[in-house]
Amino acid sequence: MEKSQFLNKYNLREISYDDGFDIEIIYATSNNFTGQLLYNEPICMVREKTYQKLLKVNEELKVNGFKLKIWDAFRFYDCQEKMWKVVSDDRFVADPKGGKCSHCRGSAVDVTLVTLNGEEVKMPTIFDYFGKESYRDYYGNLDEEVQKNVLLLENIMVKHGFIPYKFEWWHFDDEDEYDIIYEKF
């Protein structure tokens, strides 16, 4: 299947810098928790409705002097299987056989805040940090600036239809439900 056919079949939208986001698809590099190159290209796509919500989030963030940086979005099922083999801890990596992988549905994003110039701001941890410091209930232990930044991100994402994941400050699921996509292009 061609990429354009795949996008159309599943009502996915490819996100680009032209849309006003910073994009750094971590799994298109080996600089990630698996140490492997998982994506053949830096794919950044989500369901169309999820994309529309992200645009609204970004518009509101820009009023506050920030924008979204996207580290991950839609993920092919076989990539999820590879991740699970490396870290079989469902707090941080969804078991693909459990049917809970929202990245494989095209309705989840891993994001952070950056300035309008693209500089990352202080957040609780680095991306894919697998420890209690990445938990949302850890916010009370953070310094004021970090707390302010992470709560701004969380509040605006929630306002526009995203559900925060309790073990990863960077992970948000679209509140709309979608089926897992098992195909590839």
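**Exercise 1. Find in which sense β4 and β5 pair, and over how many bridges.**

Step 1. Start with the terms: helices (H or I, at least four residues) and strands (E, at least two) are DSSP runs, numbered from the N terminus. Two strands pair if DSSP finds at least two bridges between them.

Step 2. Now look at the two strands: β4 and β5 are antiparallel partners, held over six bridges. Within this pairing, Leu68 sits opposite Leu113 in β5.

Step 3. A word on what you're looking at: this is a predicted model, where local features need pLDDT of at least 70, side-chain atom pairs count only at pLDDT 80 or more, and totals for chains, interfaces and linings use all residues. Residues are numbered from 1 along each chain as its sequence is written, and side-chain values use heavy atoms, with hydrogens and water left out.

**Exercise 2. Work out the strand order of the open sheet of five strands.**

Step 1. Take β2 and β4: they run parallel and are joined by two bridges. Here Ile23 faces Ile70 in β4.

Step 2. Go to β6 and β7 (residues 171-174): this pair is antiparallel, over three bridges. Phe162 is found opposite Asp174 in β7.

Step 3. The edge strands, each pairing on one side only, are β2 (22-23) and β6 (162-164).

**Exercise 3. Explain why β4 is largely enclosed by the rest of the structure.**

Step 1. Buried means under 20% relative accessible area, exposed over 50%, partly exposed in between (1.4 Å probe, protein chains only).

Step 2. Count along the strand: seven of the seven residues of β4 are buried, so the rest of the structure largely encloses it.

**Exercise 4. Describe the largest pocket and the second largest pocket.**

Step 1. On a 1 Å grid over the protein atoms alone, a pocket is an open set of points where a 1.4 Å probe fits, with protein on both sides within 12 Å along at least five of seven lines; lining residues have an atom within 4 Å of a point. Grid points are joined across faces, edges and corners, and a volume is the space filled by probe spheres set on the points.

Step 2. The largest pocket comes out at about 500 Å³. It has 28 lining residues, and those nearest its centre are Ala94, Lys100, Cys101, Ser102 and His171. β7 gives the most to this lining, namely three residues.

Step 3. Sort by class: Ala, Val, Leu, Ile, Met, Phe, Trp, Tyr, Cys and Pro count as nonpolar, Asp, Glu, Lys and Arg as charged, and the others, Gly among them, as polar. The lining of the largest pocket then has 13 charged, nine nonpolar and six polar residues.

Step 4. The second largest pocket holds about 210 Å³ of space. Of its 14 lining residues, Ile26, Trp71, Ile126, Phe127 and Asp128 are closest to the centre. This lining splits into eight nonpolar, four polar and two charged residues.

**Exercise 5. Decide whether Asp128 is buried or exposed, and check its phi.**

Step 1. Locate Asp128: this residue is in the loop between β5 and α4.

Step 2. Asp128 has a relative accessible area of 12%, so it's buried.

Step 3. Most residues other than glycine have a negative phi. Asp128 isn't a glycine, yet its phi is positive, at about 60 degrees.

**Exercise 6. List what Gln80 touches beyond its neighbours within four places in sequence.**

Step 1. Gln80 belongs to helix α3, and at 1% relative accessibility it counts as buried.

Step 2. With those neighbours set aside, Gln80 contacts Arg75, Val93, Ala94, Pro96, Cys101 and Cys104.

Technical notes:
Contact = heavy atoms within 4.5 Å.
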